[in-house]
Amino acid sequence: MQKNKYLIPLVLVTSLFFLWGFAYGLLDVLNKHFQETLNITKSRSTLLQGAYFGAYFLIALPAGIFMNKYGYKKGIIMGLLLYAAGAFLFYPAAQQSSFNFFLIALFILASGLTCLETAANPYVTVLGSPETSETRLNLSQCFNGVGSFLGPIIAAYLFFGGEKGSSNLDSVKMIYIIIGIVVLIIAALFIRTPLPEIKEDEIVSSTEQIKKPLFNHSNFTNGVIAQFFYVAAQVGIAALFINYCTEAGIGISNAKAAGLLSAGLILFTAGRFVGTALMRVVAPNKLLTIYAVINVLLCVLVIANKEWLSVYALLGVFFFESIMFPTIFALGVKDLGHHTKKGSSFIIMSIVGGALMPYAMGLLAEKYSTATSYSVPLICFIVVAWYGWKGYLVKGGDNSSVKVEFKH
């Protein structure tokens, strides 16, 4: 009975994971496409990431306040409407060939995604029995991964596939109009579908943790810092991926580079399954440290610019970064008790790292080389390694284990 009751809401909420995965998958191919069609520099093109992830910083807290007052369902509907509005604005932006207009459209679209990300994770965990919540969440996240690697495949075909693929914006108009229509249909389904109320249990390892002010939880404050640097690395790595591959001196075209980016995102998705299995025998914080150290070493190879060896190293980074966002998130909100929602909002806000660091990478790429710019994510992974080693510790709490819920 209960299974059938929650089936339709679960399918609808899972569709949200695909929607923001697909939007993110398109983003990095747009970088290169706009460099060519709008004749803009690498550093200017990374303002796309600035608009996208800047929305997370500015909208996360208001979205959380809105949902606390009006409920998660209305928050999801608002997010979908903003998503659709931003997608439809891509049409007039393309008509005017205005990069600034594209930035506004993308900011509105990403504001909608911020609302969806704030709501989807808790919804999936309550749509059924508690015993299977982790299975449901991982299933939903699979569709996030599917959206992430389908985005570059479709974008590569539309933007770089035809003879005029990289010389006009018609394909951009077409794909975002279709996205807007699909999102509105899903919004209509959410409006008509009753969703269960969210009731979050406050589980802490000791009652002392409940009494502490939010910013006295060092695992949380360190988690905000670590998440800032992790997202900075993730976004920067993908943002200049196509540039790196096409400049490697081994004859990689734009279309082939976009295909390789999609392969990297497939590795990212696969890494989540492997990471989930490994966490049954390896503590999440230890696995986080190991993966971060491996990525530091891989970034050294990327900076060395050793043709295909470095391209393969760059692809490997995607696999080992796959567990980082959710692991940092879970370690950061551990033992926050009634501060959990507020703490989650601040960790989501730290995604602004993805808006700032790619621009720094773009400047380094223009002054030195794209390979040199990957020194930025190298530094970021050092910070992540530190968090998994010592920064995650809950003072006065139980540090033996934490349940990791994959979100990105």
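Phenylalanine 66 is partly exposed, with a relative accessible area of 23%, where partly exposed covers the range between buried (under 20% relative accessible area) and exposed (over 50%), using a 1.4 Å probe and protein chains only. This is a predicted model, in which local features need pLDDT of at least 70 and side-chain atom pairs count only at pLDDT 80 or more, while totals for chains, interfaces and linings use all residues. Residues are numbered from 1 along each chain as its sequence is written, and side-chain values use heavy atoms, with hydrogens and water left out.

The structure holds 18 aromatic pairs, a pair being rings of Phe, Tyr and Trp (its six-membered ring) with centres within 6.5 Å, counted as stacked when the planes are under 30 degrees apart, edge-to-face when over 60 and tilted otherwise. Two of these pairs are set out below.

| Pair | Centre to centre | Between the planes | Class |
|---|---|---|---|
| Phenylalanine 66 and tyrosine 70 | 4.9 Å | 45° | tilted |
| Tyrosine 244 and tyrosine 374 | 5.5 Å | 75° | edge-to-face |

Phenylalanine 66 and tyrosine 70 are separated by about one helical turn because they lie 4 residues apart in helix H3 (residues 47-70), helices being DSSP runs (H or I, at least four residues) numbered from the N terminus. Tyrosine 70 is partly exposed, with a relative accessible area of 42%, whereas tyrosine 244 and tyrosine 374 are both buried.

Elsewhere, Phe34, Phe90, Phe99, Phe102 and Tyr176 form one aromatic cluster. With a disulfide taken as a pair of cysteine sulfur atoms within 2.5 Å, the count comes to 0 disulfides.

Terms used:
Helix = DSSP H or I, 4+ residues; strand = E, 2+ residues; numbered from the N terminus.
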